[in-house]
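Thanks for making time. I'll talk through one chain, element by element, and leave the overall numbers for the end.

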Amino acid sequence: MTLPHALSGLGEIAADYDILLCDVWGVIHNGRESWPEACAALTRFNEQGGNVILISNAPRPSSDVVAQLDGLGVPRDSWKAFVTSGDATRAELARRAPGPAWVIGPDRDWPLYDGLGLDSAHDAADAAFISVTGLVDDETETPEDYRERLAAGAARDLEMICANPDRVVQRGDRLIYCGGSLADLYEELGGRVTMAGKPFSPIYQLAIAEGERLLGRPVNRARVLCIGDGVVTDVLGADKQALDCLFIAQGIHGDAARGPDGRLDPACAAELLKAETTYARYAMLDLAW
């Protein structure tokens with residue numbers, strides 16, 4: 001088992017990269033507040049000539065998520081471009097218009113569907129496919145609350161388009177379920193699932209295109225670093241794209257990668273990655289310069 005190289009700060013390797021594809025939730029904020037050291041590290045990378053592209057599994061268009069970042073105190077100078085799973089998923093939804101789509105998710109995610117010409121279905125019985133952004137009430141519900149309804153969709157062989165592949169995300173000091181948890185349940189029930197966010201290719205194609213726009217030339221993929229705390233999304237996605245990765249090992253994993261001395265234990269971090277037979281070149285507990 002190859003261990004990730006433990007970093008004391010992003011500054012150790014910043015000169016090796018032109019572009020950072022940086023995860024958002026779990027790396028620079030927790031849904032309630034932003035983390036100043038992480039944001040400052042990204043700002044410094046930009047100031048030294050680099051290009052930070054935020055790459056998030058948020059199920060809404062990136063233009064709709066910017067206000068959330070502002071509200072959490074994420075500085076605008078800490079990033080230069082922003083792509084979301086919502087951006088990548090809109091193309092999948094547009095190809096299936098007019099549907100009708102059985103939409104599952106909270107009202108805040110409705111901007112995903114703006115201008116796509118999709119008709120709405122009430123449930124599996126009158127739907128052409130299912131579109132999931134998350135649980136309707138992620139503060140109280142669990143995937144099990146959806147088992148019976150999703151089983152009806154699987155029985156009709158309806159395809160599910162999941163706009164957020166994340167299984168869980170940290171909100172304050174709690175972990176809450178995301179769209180990916182419903183996708184897992186649907187596959188368990190025998191259903192078909194399509195996703196465009198991390199770890200899948202479409203969102204990385206959008207991010208690399210943003211990188212080319214910022215650089216004004218083709219991207220040298222050897223000089224792209226992915227940063228994230230999700231093993232099955234951020235790290236696996238970087239692996240599939242053959243891109244270097246900095247694994248933020250605290251995030252949703254709590255203290256699982258922390259050694260007895262309170263510092264990152266590379267062997268513990270590698271154990272977290274081993275579960276998905278994936279690898280990260282670098283690891284830190286929290287992002288800092």
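I'll start with a pair of strands. Strand E5, residues 101-104, and E6 run parallel and are joined by 2 bridges. Helices (H or I, at least four residues) and strands (E, at least two) are DSSP runs, numbered from the N terminus. Two strands pair if DSSP finds at least two bridges between them. Within this pair, alanine 101 is opposite serine 120 of E6.

Before going on, the ground rules. This is a predicted model: local features need pLDDT of at least 70, side-chain atom pairs count only at pLDDT 80 or more, and totals for chains, interfaces and linings use all residues. Residues are numbered from 1 along each chain as its sequence is written, and side-chain values use heavy atoms, with hydrogens and water left out.

Back to the sheet. E5 and E6 belong to an open sheet of 5 strands, in the order E6-E5-E7-E8-E11, with parallel pairing. Strand E6 (120-121) and strand E11 (192-195) each have a single partner strand, so one side of each is left without a neighbour in the sheet.

Which helices lie across E8 here? One is helix H3, residues 85-95, which lies across strand E7 (129-132), strand E8 (159-162) and E11, at about 150° to E8. Helix H5, residues 179-188, lies across E5, E7, E8 and E11, and runs at about 160° to E8. For the angles, axes are lines fitted to C-alpha atoms, for helices over the stretch in contact, and angles run from 0 to 180 degrees between N-to-C directions. Contact means heavy atoms within 4.5 Å.

Another loop, between helix H4 (147-155) and E8, contains aspartate 157. Its phi is near 60°, a positive value in a residue other than glycine. Aspartate 157 has a relative accessible area of 44%, so it is partly exposed. The cut-offs are these: buried means under 20% relative accessible area, exposed over 50%, partly exposed in between, with a 1.4 Å probe and protein chains only.

There is also a hairpin. Strand E9 (residues 168-171) and strand E10 (residues 174-177) pair in the antiparallel sense over 4 bridges. Arginine 171 has arginine 174 in E10 as its bridge partner. The hairpin has 2 residues between the strands, and glycine 172 takes a positive phi near 65°.

Now the other open sheet. It has 7 strands in the order E1-E14-E13-E12-E2-E3-E4, with parallel pairing. Its edge strands are E1 (5-6) and E4 (81-84), each pairing on one side only. Strand E13 (residues 244-248) pairs with strand E14 (residues 282-284) in the parallel sense over 3 bridges, and phenylalanine 247 stands opposite alanine 283 in E14. Helix H7, residues 231-240, packs on this sheet, touching strand E12 (224-228) and E13, and its direction makes about 160° with that of E13.

Threonine 233 is in helix H7. Buried or exposed? Threonine 233 is buried, because its relative accessibility is 4%. Leaving out residues up to four places away in sequence, threonine 233 touches Asn57, Pro165, Asp166, Lys198, Pro199 and Tyr204. In the loop between H7 and E13 sits alanine 242, whose phi is near 60°, positive in a residue other than glycine. Alanine 242 is exposed, with a relative accessible area of 66%.

On cysteines: a disulfide is a pair of cysteine sulfur atoms within 2.5 Å. By this rule the count is 0. Cysteine 226 is buried at 4% relative accessible area, and cysteine 245 is buried at 2%.

Finally, the overall numbers. The chain has 8 helices and 14 strands. Of its 289 residues, 54% count as buried. Along its principal axes the C-alpha trace spans about 55 × 45 × 35 Å. Among contacts with a separation of 6 or more, 71% come from residues 24 or more positions apart.
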